[in-house]
Amino acid sequence: MVFRKSKGKEATVDPGKGIIQSQGVVKVYDTGSAKLTALRGIDFAVRKGEMVAVMGPSGCGKTTLLNCLSGLDDVDEGTIWLEGEDLATMGDKRRTSYRAKRMGFIFQVFNLLPVLSAVENVELPLLVDNVKPSVARQKALTALETVGLRDWAGHRPAELSGGQRQRVTIARSLVNDPAIVWADEPTGALDSKSAADIMNLLRTLNAERSLTIVLVTHDPGVGGQCHRIVRMQDGAIVGEEVPANGIAAHPDHYVAAGNGGQAVATAQA
Ligand code: ADP
Ligand code: MG
């Protein structure tokens, strides 16, 4: 299906085929003295309900990929569709509200406000989105319940362990019942026991809610628990695989055409 023309080239991505899709995404950082191409034409697709790990050496562009695909950062070329909608046509206001309503974010650094309690941190995105405070509070408590921290609702981040803090950020990412959660090294700052707990939680959320999760990780053990691992190198996707011991291949597993011609189809469940 020819969906949209970009840069004189026919885009052949069908936005119906993936909750996240990109074609030809290029990102250049201009630091004044130098230009650095962080993404060199990314063709990528994620099915609804997939849990995908993005792996690759430090500096290869993983964080940039997440920031660009989620619309946190602008791209220089290419097209991104989220739930079939072209990010570029959204406009700032719509993009911000789409982000608040449909996406959640989890980062390695927990990004919790130290002066707020767990429940106040979790309800904050809702309050910013003008949700009634009593409703926001109820939703935040439910989200904390989901991550097993209902009893810690009144505690500030400093009173929580690293694993608990990351669970608060997961609760915050879930509070709007998003379609997509983006996680940048969610276990990177955790000991192995806490990391395993966080992965169990993410896998459960993925399985029970068909939550689409894209996570960046350095840890092969984390990547190995996903439906699919996408490998990046030097700003490009250079391959992908279904981990041997991961979740069984996603039934709708979808491999985008392109990927520098190196996409590997591994759709057998
Ligand atoms: P990764 O997450 O894989 O470690 P990043 O996406 O953070 O990689 O970075 C990709 C490349 O872009 C790196 O060379 C990095 O130095 C550069 N980069 C990242 N963010 C910026 C920025 N804000 N300004 C300039 N260069 C950046
Ligand atoms: Mg990074």
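A residue counts as buried if 20 or more other C-beta atoms, placed from the backbone, lie within 10 Å of its own. By that rule, 44% of the 269 residues of the protein chain are buried. The model is a predicted one, where local features need pLDDT of at least 70, side-chain atom pairs count only at pLDDT 80 or more, and totals for chains, interfaces and linings use all residues. Residues are numbered from 1 along each chain as its sequence is written, with chains lettered from A and ligands numbered from 1 in the order in which they are written.

The protein chain comes to seven helices and twelve strands (DSSP runs numbered from the N terminus: H or I of at least four residues for helices, E of at least two for strands).

Around ligand 1 sit Tyr29, Thr31, Leu36, Ala38, Ser58, Gly59, Cys60, Gly61, Lys62, Thr63 and Thr64, each with its C-beta atom, placed from the backbone, within 6 Å of the ligand. Strand 4 (35-46) and helix 1 (62-69) are the elements giving two or more residues to this shell, and helix 1 gives the most, with three.

As for helix packing, helix 5 (residues 162-174) meets helix 6 (residues 192-209) at an angle of about 20°, with the axes 9 Å apart; axes are lines fitted to C-alpha atoms over the stretch in contact, and angles run from 0 to 180 degrees between N-to-C directions. That makes the two helices roughly parallel (angles under 35 degrees). Helix 5 brings Gly162, Gly163, Gln166, Arg167 and Ile170 to the contact, and helix 6 brings Ser194, Asp197, Ile198 and Leu201 (C-beta atoms, placed from the backbone, within 7 Å).

Methods:
Angles under 35 degrees count as roughly parallel, over 145 as roughly antiparallel, 65 to 115 as roughly perpendicular and the rest as oblique. Two residues are in contact if their C-beta atoms, placed from the backbone, lie within 7 Å. A residue is buried if 20 or more other C-beta atoms lie within 10 Å of its own, exposed if 12 or fewer, and partly exposed in between; C-beta atoms are placed from the backbone.
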